[in-house]
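Hello,

Here is the structure you asked about. Please open it alongside this email, and then read on for what turned up.

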Amino acid sequence: MKLGFSLALAAAAMLALGSASAQQPIVIKFSHVVALDTPKGKGAEYFKKLAEERTKGRVKVEVYPNSQLYKDGEEMEALQLGSVQMLAPSVAKFGPLGVREFEVFDLPYIFATYADLHKVTDGPVGKLLFQKLESKGIVGLAFWDNGFKDFSANKALKLPGDAKGLKMRIQSSNVLEAEIRALNGLPQKMAFSEVYQGLQTGVVDGTENPPSNFYTQKMHEVQKYLTMTDHGVIEYAVIVNKKFWDGLPADIRATLEGAMKDATKFADDIAKKENDDALEAVKKSGKTQVIVLSADEKAAWKKALVVVHQEQESRIGKDIIQAVYKETGFKP
Ligand code: LMR
């Protein structure tokens, strides 16, 4: 009798174990550095929703917003080590990885509209850039939009000369370093999560952001002026650890590719409105004066900054710059 009972017990335990391991979801840790109520924040949550629904729970996406898990400067290495599976860093942050060509996106005024930007992200140049990630153990899945960057400071920046001598926070991009130097400013590379405190304490005097980042990081509380220069873009590359991605069951990978495609459309469809709404909220706060430039004033900023294009040819490559010019019809 006893033997029969213990055999039954062992069989039940094996069954439970077997079914438990069969139910273990594949976990995707998705880390990013912005607030939830931003184009990237909402895009990540939407991807999570689609991925979990469409794989019927076989995949679990854990989203870690606002630098909770890794801040920029740490996240790329964490991805390569496999400590995190998915990121969506700004394209300005691939220089330290050794893929300098991504900094073509940082060239001032190289994109005039979202449509120009999509000719690159959805075309051969975007594909070429993603190919360059493979040797780094990274797969590029999609590009997500945010918006056009505007300069902010605690002094009114009406014309390029007004930025002279200001310590300006930038992302970890040498093209952006050259951009600030072209204004006779002092570029300071700094993690996004440290910008508010840097502005509050005066470690930096100003910075550049699309309105959605400026507002959701509460920079209107510590910046008196925001000048609508629209001099560059914040664009994201959604990337995964290559070993993880290639190791997925083919059906799961195909389902996730579909979820990413739909999440990309969702993120891009909301990006402009998110930035427009954030700009209205900044104005409504009454804490930051928004400076709208005349056509002549904007032309003066462009004239002062497009010198960076030729200056950076040796760093990012003349071919990739010319390829973007060809796709967008850019005129200096
Ligand atoms: C920044 O560092 O300013 C941006 O890359 C942050 C972000 O991810 O939008």
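What takes up the space of the largest cavity? The ligand does. Keep in mind that this is a predicted model.

**The ligand site**

Twelve names to find in the viewer: Val33, Val34, Lys40, Asp72, Ser90, Lys93, Arg169, Gln171, Phe192, Asn213, Ile234 and Tyr236 are the residues around the ligand. By type, this shell holds five nonpolar, three polar and four charged residues.

- Gln171 places a polar side-chain atom 2.6 Å from an oxygen of the ligand.
- Arg169 has a polar side-chain atom 2.8 Å from a ligand oxygen.
- Lys93 has a side-chain N or O atom 2.8 Å from an oxygen of the ligand.

How much of the ligand does the protein cover? On its own, the ligand has 270 Å² of accessible area, and the protein covers 100% of that.

**Two backbone angles to check**

Most residues other than glycine have a negative phi. Two asparagines have a positive one.

Asn66 has a phi of about 55°. Look for Asn66 in the loop that runs from strand E2 (59-64) to helix H3 (75-81). Is Asn66 buried, partly exposed or exposed? Its relative accessible area is 39%, so Asn66 counts as partly exposed.

Asn184 also has a positive phi, near 60°. Asn184 sits in the loop between helix H6 (174-182) and strand E6 (186-189).

Best wishes

Note on methods
Residues numbered from 1 in each chain as written. Predicted model: local features only at pLDDT ≥ 70, side-chain atom pairs only at ≥ 80, totals over all residues. Heavy atoms only, no water. Near = heavy atom within 4 Å. Polar contact = N/O pair within 3.5 Å; in protein donor to acceptor, adjacent residues only side chain to side chain. Areas by Shrake-Rupley, 256 points an atom, 1.4 Å probe, with all protein chains shown as cover. 1 Å grid on protein atoms, 1.4 Å probe; cavity = no way out; pocket = protein on both sides within 12 Å on 5 of 7 lines; lining within 4 Å. Sits in = over half its atoms within 2 Å of the grid points. Nonpolar A, V, L, I, M, F, W, Y, C, P; charged D, E, K, R; others polar. Helix = DSSP H or I, 4+ residues; strand = E, 2+ residues; numbered from the N terminus. Buried < 20%, exposed > 50% of the residue type's maximum accessible area, 1.4 Å probe, protein only.
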